[in-house]
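Here is a short briefing to read alongside the model. Keep the viewer open and follow the residues as they come up.

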Amino acid sequence: MARPEKHPKTGVYYLRKRVPADLIALVGRPTIKRSLGTKDVAEARRLHAEALAEIEARWRNLRAGYFRPTAKEMHALAGEFYRAIVRDHEEGRASFFFDGIIGLLSRNFIESSNDAQAHRAFRDAYGSKIDGFCEARGIRLDPSFQGPFDLAVARAVADATDTGVKMMVLGDYSPDPAASRFPLLAEAFPNGLVSRAASMKSLRIAEEFEAYSRAAKLAKSTQKRWGLALKTLEAQVGHDDLSRMTSDDVSGWISTLRKGGRSDRTIRDVHLAGLKALLGWLVGERRLATNVASGFRIKVAKSVVERSRSLDDKEAAIALAASLETPSAKLGPRHAAARRWVPWLCAYTGARLNELTQIRKEDITFEGNIPVLRITPEAGTVKTGRFRLVPLHPHLKEQGFLDFVHRAKAGPLFYEPLPKGGAERATPPFKKLGERLTRWARSVGLDDPRVDPFHGWRHRFKTVGRRTRIAPDVLDAIQGHVPRTEGGNYGEFDVATMFAEIVRMPCYEMKKADVASRGWRASSRGRHKARIGS
């Protein structure tokens with residue numbers, strides 16, 4: 001427990017308190033040291049307790065964020081300036097010359113309150129006293145309230161200097177009617193002089209994250225990842241009030257995550273990223289004074305790359321051969337269709353897995369006589385948030401993909417749609433399907449943990465495209481990659497241009513040994529031309 005310390009030479013007791021790491025920038029120093037002005041141990045303990053309570057109240061105010069006083073609160077605070085000046089006059093400590101200058105500048109500001117120069121002149125002369133007053137109480141005044149508060153103080157100063165003149169020149173010490181217009185602090189702040197967060201509701205993690213998600217338009221997947229991550233913070237610190245979070249809380253949270261087996265990359269990119277974003281938004285909204293997570297940096301060691309992230313020829317053959325197997329009778333028709341067509345769509349479009357599992361019947365259209373896949377956020381999610389048109393390779397039509405689409409019911413091609421009016425699921429069905437397809441792909445032989453069985457197609461598409469000399473910017477457009485230059489954001493590639501490039505990509509054909517090993521039997525539709533790797 002904190003206790004007063006005794007100076008070894010003077011014997012006078014003093015208070016020493018370490019400033020929390022998240023407040024050092026605001027307080028201006030890492031340690032508070034204050035003389036208690038007594039050598040009596042009992043008196044020192046009393047004064048130490050009072051000073052410690054004052055300091056901790058100030059720190060709570062600093063953490064709470066910007067203070068937006070009501071009119072009554074503003075004038076109650078201004079009344080403290082009035083009473084201090086009058087008291088100085090009563091006790092003979094006032095400077096007639098200084099008060100005359102301040103009184104003149106105050107009246108000038110009052111008469112020209114919209115004049116920036118008059119305001120600046122008043123601030124130059126008296127701003128340090130106002131700032132010191134707020135700083136001593138841990139008040140972080142909202143910048144938009146600075147002007148009105150300065151004006152309230154100027155009126156109090158003008159009244160006080162008038163009262164001082166009556167005392168010093170006329171000897172008039174009668175009660176001043178102006179004093180009664182200022183509310184007492186106890187009336188304006190019945191629970192003590194505290195900042196907004198102490199007198200209003202706390203910043204609850206779940207509520208504030210929901211508001212931030214709406215404001216930032218976070219993707220559902222990001223909301224889920226960050227939301228779960230923030231729940232671990234709540235469990236760590238034992239409460240859900242963001243206004244009470246400290247940098248020590250964040251440090252302890254990170255340590256616990258590491259001990260629990262979370263990788264530095266996950267902590268950096270999910271847990272810490274979510275907290276930084278949320279607190280940064282609250283600071284920007286002037287509801288918090290500081291972002292206690294902003295100073296944390298987690299260095300992630302570069303991963304060792306032991307092989308290409310692309311599927312190789314053998315892995316591509318395994319995946320495509322498995323897609324042609326007769327599905328189990330227990331498998332639903334849409335899921336069976338996903339196993340049949342998603343690997344081939346990956347091979348010929350280079351699209352992301354969930355961009356394909358989410359496609360609907362209406363997303364397959366024609367531009368002239370060219371079949372086109374429309375990848376759009378409307379169907380579910382797209383990493384870039386932008387739709388794109390991808391011409392379909394002729395081999396997909398030859399295998400019967402367009403016939404399959406024509407026979408399909410309206411709506412999703414590869415998963416059962418949710419009932420209308422049903423509750424929204426935390427994980428969308430097309431993402432669940434993607435997870436199930438990944439497990440299936442692992443089970444049929446794509447079991448190298450160093451390469452993703454579906455994202456590997458995305459890398460392979462780029463590799464094959466370069467091999468066949470497809471224009472790099474067209475490859476980027478087909479796959480939805482960000483243009484390499486600012487100029488690449490201008491204009492677009494029409495479907496005919498992209499189709500002329502994509503037909504240069506060779507068709508896939510499994511070798512007989514590959515097909516036999518998967519137990520595949522040739523269907524009446526579709527030839528699998530050109531060997532893999534040709």
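**Loops, patches, pockets and charge pairs**

Lys217 sits in the loop between helix H9 (205–216) and helix H10 (220–237). Please keep in mind that this is a predicted model. The protein has 22 helices and eight strands, and 44% of its 534 residues count as buried.

- Although Lys217 is not a glycine, its phi is positive, at about 55 degrees.
- Lys217 has a relative accessible area of 71%, so it counts as exposed, the cut-off being over 50%.
- Arg469 is another residue other than glycine with a positive phi, here near 60 degrees.
- You will find Arg469 in the loop between helix H19 (455–467) and H20.
- The relative accessible area of Arg469 is 68%, and Arg469 is therefore exposed.

**Overall contacts and surface**

- Among the contacts in the protein with a separation of 6 or more, 68% are between residues 24 or more positions apart.
- The protein exposes about 28600 Å², and carbon and sulfur atoms supply 52% of that area.

**A nonpolar surface patch**

- Phe96, Val165, Met168, Val169 and Leu170 make a nonpolar surface patch of about 490 Å².
- Helix H6 (residues 146–169) gives the largest share of this nonpolar patch, with three residues.
- Val165 counts as partly exposed because its relative accessibility is 38%, which falls between the limits of 20% and 50%.

**The second largest pocket**

- What is the volume of the second largest pocket? The second largest pocket has a volume of about 760 Å³.
- The second largest pocket is lined by 23 residues, and those closest to its centre are Arg386, Ala477, Gly491, Glu492 and Phe493.
- Strand E8 (388–391), helix H20 (472–479) and helix H21 (495–502) are the elements that each give two or more residues to the lining of this pocket.
- Of these, H20 gives the most to the lining of the second largest pocket, with three residues.

- Is Phe296 buried or exposed? Phe296 has a relative accessibility of 19%, so it counts as buried, the cut-off being under 20%.
- Phe296 is found in the loop between helix H12 (264–284) and helix H13 (313–323).
- Leaving aside neighbours within four places in sequence, Phe296 is in contact with Ser247, Val250, Ser251, Ile254, Leu272 and Lys276.

**Salt bridges**

- Side chains of opposite charge can pair when their charged atoms come close.
- How many salt bridges does the structure hold? The structure holds 26 salt bridges.
- Glu91 and Arg93 meet in a salt bridge through their side chains, at 2.0 Å from N to O.
- Glu91 counts as partly exposed, because its relative accessibility is 48%.
- The side chains of Asp150 and Arg123 also meet in a salt bridge, at 3.4 Å from N to O.
- Asp150 lies in helix H6 and Arg123 in helix H5 (residues 116–136), so this pair ties together parts that are 27 residues apart in sequence.
- With a relative accessibility of 0%, Asp150 counts as buried, whereas Arg123, at 22%, counts as partly exposed.
- In a further salt bridge, the side chains of Asp363 and Arg360 meet at 2.8 Å from N to O.
- Both Asp363 and Arg360 are buried.
- A network of salt bridges links Glu306, Arg307, Glu315, Asp448 and Arg450.

Technical notes. Residues numbered from 1 in each chain as written. Predicted model: local features only at pLDDT ≥ 70, side-chain atom pairs only at ≥ 80, totals over all residues. Heavy atoms only, no water. Helix = DSSP H or I, 4+ residues; strand = E, 2+ residues; numbered from the N terminus. Buried < 20%, exposed > 50% of the residue type's maximum accessible area, 1.4 Å probe, protein only. Contact = heavy atoms within 4.5 Å. Areas by Shrake-Rupley, 256 points an atom, 1.4 Å probe, with all protein chains shown as cover. Patch = residues over 30% accessible without salt bridge, like charges linked within 9 Å, V, L, I, M, F, W, Y side chains within 5 Å. Salt bridge = Lys/Arg side-chain N within 4 Å of Asp/Glu carboxyl O. 1 Å grid on protein atoms, 1.4 Å probe; cavity = no way out; pocket = protein on both sides within 12 Å on 5 of 7 lines; lining within 4 Å. Points joined across faces, edges and corners; volume = space filled by probe spheres on them.
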